[in-house]
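Subject: Handing over a structure

Dear colleague,

I am passing on the structure below, and after it I set out what was found in it. Please keep it open beside this message as you read.

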Amino acid sequence: MNFVSPERWIWAAIAIPIILLYVLRSRLRKQTVSTLLFWDELFDQKRYRSWWQRLRHLLSLLLQLAFLSLLVVALLDPLWSGQRRTVRQIGLVVDNSASMSANDEGSDPGVTGPTRFDRAIDAAHDVVRELRDGDEIALVTAGGTVRVVVGMTDFGPAIRDALELIEPTDGPTRVPEAIEAARRMTGSLERRNVIVISDGGFDDFESLIASDDDVRFIHVGEPRDNVAITRMSVRRSLVDPIGYAMLLEVTHFGDDDVQCRLSVDLDEELVDVIPLSLTAGEVWKKTIVGASEAGGRLRAEIDINDALAVDNVAMAMLPARGKIPVTLVTEEPSLYLESVFSAIPLVELNVTTEVPDQSPDGGFTVLHRGDAMEEKLPGGSVLVIDPRSDSKWWKLGAVIDGAIMVTQDKTSPLMPHVNLQNVVLPGARGLEMTDGATTLVTAAGGETVMASMVAGEDRVVVLSTKLEDGDLPLRIAFPVMMTNAVNWFLSRSGEIEPALRTGQLTKVPIDGKIDDPWTWTDPTGNVHIATTVDESLLVGPVDRVGTVTIQNAGNTVKTLAVNLCDASESDLRRRGEAPIADTAITGSGFRSMWFYLTWIAMGLIVVEWFLYQRRIVG
C-alpha cells in the first residue's frame with residue numbers, strides 16, 4: 001500500500017499516553033467507617049462481575065487504540081491500487097482576464113472587496129489540496145495572453161507558490177486557447193483532466209462546456225450589472241488641420257435603467273460633460289468634435305460606481321501638429337490665395353516671385369499663373385493653379401467656352417466635402433495628363449480641368465482656371481479644397497495613431513533606422529525589446545490599460561494609448577451554466593480511502609462509548 005503523507009506516522013505516538021492511562025492504577029485510600037455490613041454485600045455483588053469488568057476495560061483499550069490507528073492511517077492518505085496505476089495529469093487553467101477583476105456579489109460597487117479573481121485563486125488552492133501521490137499538475141493563465149506559469153510537475157507546493165504570484169490583467173479572455181495549451185502538456189487522454197476556473201465571460205462558453213468531456217469548469221462570480229465604454233475611435237478632421245472627431249460608444253449591460261455622466265478632457269482640461277440616461281441593454285453613440293494644435297492625451301471617463309472600473313475609462317493620443325511651410329510663387333499679388341492659405345491653421349506662408357528648385361521640407365509650393373513649367377517646375381509637392389504652359393506632367397488644351405463642371409472624383413482624398421458640380425470656371429483649359437494621373441474634375445465636354453499625380457517623392461495637383469474671373473474663391477468649396485490639398489501633400493489622411501487594445505499585437509510604423517535599438521515600455525513600467533518587421537515595430541500584447549511609450553536609443557519617439565473596449569469582457573452577466581466540477585476524482589471509481597477509514601473510526605468510538613463510557617444502571 002502507498003501513502004500520500006507517510007511523514008504523518010508520528011501521530012501514532014498518541015497511543016503511548018492512552019496505554020499509560022489504562023495501566024496506571026490510582027492508590028486506594030483508607031477510610032474509617034461505622035460498619036462493614038453494607039460494604040460486604042456490595043463486594044459480594046462485584047465479585048460475580050469482576051471478570052466482565054476486566055474484559056470491559058481491556059475491550060475499551062483495544063477499541064480506542066483501533067480508533068487511533070484508523071485516524072492515523074486516514075491522515076497518511078492511503079491509495080487504492082487503481083489510484084496508483086492511473087494517476088492524473090491535471091491542467092489547471094485560471095482565468096485572469098479583465099472581467100475577473102469585477103467585484104463579486106456581496107461587495108458594494110466601487111468598494112474594494114473580494115473579486116472574481118480572488119474566488120478563483122481560492123478555488124485553485126482547493127484543487128491543489130486534492131492532489132494524490134503520483135498526480136501531476138500544470139498551471140496556465142488565460143488573460144490577455146496564454147501563459148504557462150508552471151509546467152507539468154508532481155510538486156504541489158510549486159503550484160501553490162505560483163498561484164500567489166498571479167495577478168489579474170486587463171486583457172480579454174483566452175480560455176479556449178489556454179485549454180489547448182493544457183491539453184498539449186498532458187500525456188494521454190485517459191490521464192488528462194483539464195480544470196478551468198473562470199466566470200465564463202466569453203462568447204463560446206456554452207458550446208465549449210457542451211463539447212469537451214475532458215474539461216471541467218469551476219464557475220466563480222455572480223451576474224452583475226455594468227456600464228462600459230465599448231468603443232473610442234479618434235481621427236483628425238479632413239477640413240480643419242488642427243481639428244479632431246471622436247466617436248464614443250457606451251453600453252449598458254444590465255436590466256435596470258441607470259444615470260451617469262460622461263466627461264471628456266484633453267490633458268486634464270475639460271472638453272465636454274454629457275449626462276447619460278441609459279435603459280436596459282442600451283448602446284449609446286455620439287461623435288464629439290474639437291481642435292488642438294498642441295495635441296495631448298484625450299480621455300473619456302464614465303462617472304459611475306459599478307462592478308468593473310477598468311472599462312469606465314478610454315484614452316487616445318493626439319499628436320502635435322507642426323508648422324507647414326508653404327511657398328506661394330506668383331508674378332502678381334493674389335488676394336484669394338494669400339487669404340485662404342493664411343486662414344489655414346499651422347500654415348506658414350511665404351510669397352515670392354522666384355520659383356525654387358525644391359519645395360520646402362514638410363511643405364509644398366504653390367505656382368500661380370506660371371510660365372515655362374517644363375523648366376521651372378520644382379521637385380517635391382507642387383500645387384499649380386492657372387498654368388500658362390505645358391510641363392512633363394500635362395499638356396494644355398484650348399480654352400473651354402462656358403466651362404461648367406459636371407463630374408468629380410468623390411473618392412479622392414482631395415475632394416471630401418467639396419462640391420463643384422454646375423460651377424462655372426472661366427478661362428479653364430483642358431488638361432491632357434500623362435499616364436498615372438488621376439482626373440479629379442471634368443467639364444461638360446469631358447475635358448479634364450483638375451487632376452493629381454504621384455511619382456516617387458513628387459506630388460502634383462493642377463487646376464486650370466482663372467480664379468479672379470469666377471466665383472470659385474467665394475464658395476466654401478475653395479478653402480475646403482485647399483485644406484484637403486494641404487493634408488494630401490503631407491500624407492495626412494485624417495487618421496490618428498490608433499489606440500491599442502489589451503491583448504493585441506500591433507504593427508507601429510517607424511521613421512528611424514531598423515537597425516537602431518528600439519524598445520517599448522508597458523503601462524506597468526516594464527521595458528521590452530521591440531521586434532522590427534518591414535519598417536514597423538511589433539508592440540504588444542499589452543495586458544494593462546494605460547499608455548505605452550516607444551523609445552529609440554533611449555529617446556521617446558511615440559506614445560500610444562491602451563484601452564479595454566471589449567464588450568465581451570464588460571458583460572458580467574452569465575453566459576451559461578457550467579456543470580459542477582468534482583476535483584476529487586480518484587481514477588479508481590471510489591472515494592479516497594481516508595473517507596471510509598474516518599467513518600469506521602467514528603463507528604468504533606460510538607461502540608466504545610456504549611460499552612464502557614455509558615453508565616449502566618441495575
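The lining of the second largest cavity is made up of three nonpolar, two polar and five charged residues, where Ala, Val, Leu, Ile, Met, Phe, Trp, Tyr, Cys and Pro count as nonpolar, Asp, Glu, Lys and Arg as charged, and the others, Gly among them, as polar. This is a predicted model, in which local features need pLDDT of at least 70 and side-chain atom pairs count only at pLDDT 80 or more, while totals for chains, interfaces and linings use all residues. Residues are numbered from 1 along each chain as its sequence is written, and side-chain values use heavy atoms, with hydrogens and water left out.

To return to the lining, its residues are Arg 116, Asp 199, His 219, Val 220, Gly 221, Glu 222, Pro 223, Leu 572, Arg 573 and Arg 574. A cavity here is a set of points, on a 1 Å grid over the protein atoms alone, where a 1.4 Å probe fits but cannot get out, and lining residues have an atom within 4 Å of a point. Grid points are joined across faces, edges and corners, and a volume is the space filled by probe spheres set on the points. The second largest cavity holds about 40 Å³ of space, and the count of cavities of 30 Å³ or more comes to three.

As for the protein chain as a whole, it has 13 helices and 30 strands, taken as DSSP runs numbered from the N terminus (helices H or I, at least four residues; strands E, at least two). Of its 618 residues, 46% are buried, where buried means under 20% relative accessible area, exposed over 50%, and partly exposed in between, with a 1.4 Å probe and protein chains only. Among contacts (heavy atoms within 4.5 Å) between residues at least 6 apart in sequence, 67% join residues at least 24 apart.

Strands S29 (residues 546-552) and S30 (residues 555-563) run antiparallel and are joined by seven bridges, and Thr 556 in S30 is the bridge partner of Gln 551.

Some details of the backbone also deserve a look. Most residues other than glycine have a negative phi, and most peptide bonds are trans. The peptide bond from Gly 540 to Pro 541, however, is cis, with omega near -10 degrees, and Pro 541 is placed in the loop between strand S28 (536-539) and S29. Asp 267, although not a glycine, has a positive phi of about 50 degrees; this residue is in the loop between strand S8 (258-266) and strand S9 (269-278), and counts as partly exposed at 44% relative accessibility. His 417, also not a glycine, has a positive phi of about 65 degrees, lies in the loop between strand S18 (405-408) and strand S19 (429-433), and counts as exposed at 59% relative accessibility.

Finally, Thr 506 in strand S24 (residues 506-509) counts as buried at 12% relative accessibility, and, leaving aside neighbours within four places in sequence, is in contact with Leu 500, Leu 537, Leu 538 and Val 539.

Definitions and conventions. 1 Å grid on protein atoms, 1.4 Å probe; cavity = no way out; pocket = protein on both sides within 12 Å on 5 of 7 lines; lining within 4 Å. Pairing = 2+ DSSP bridges.
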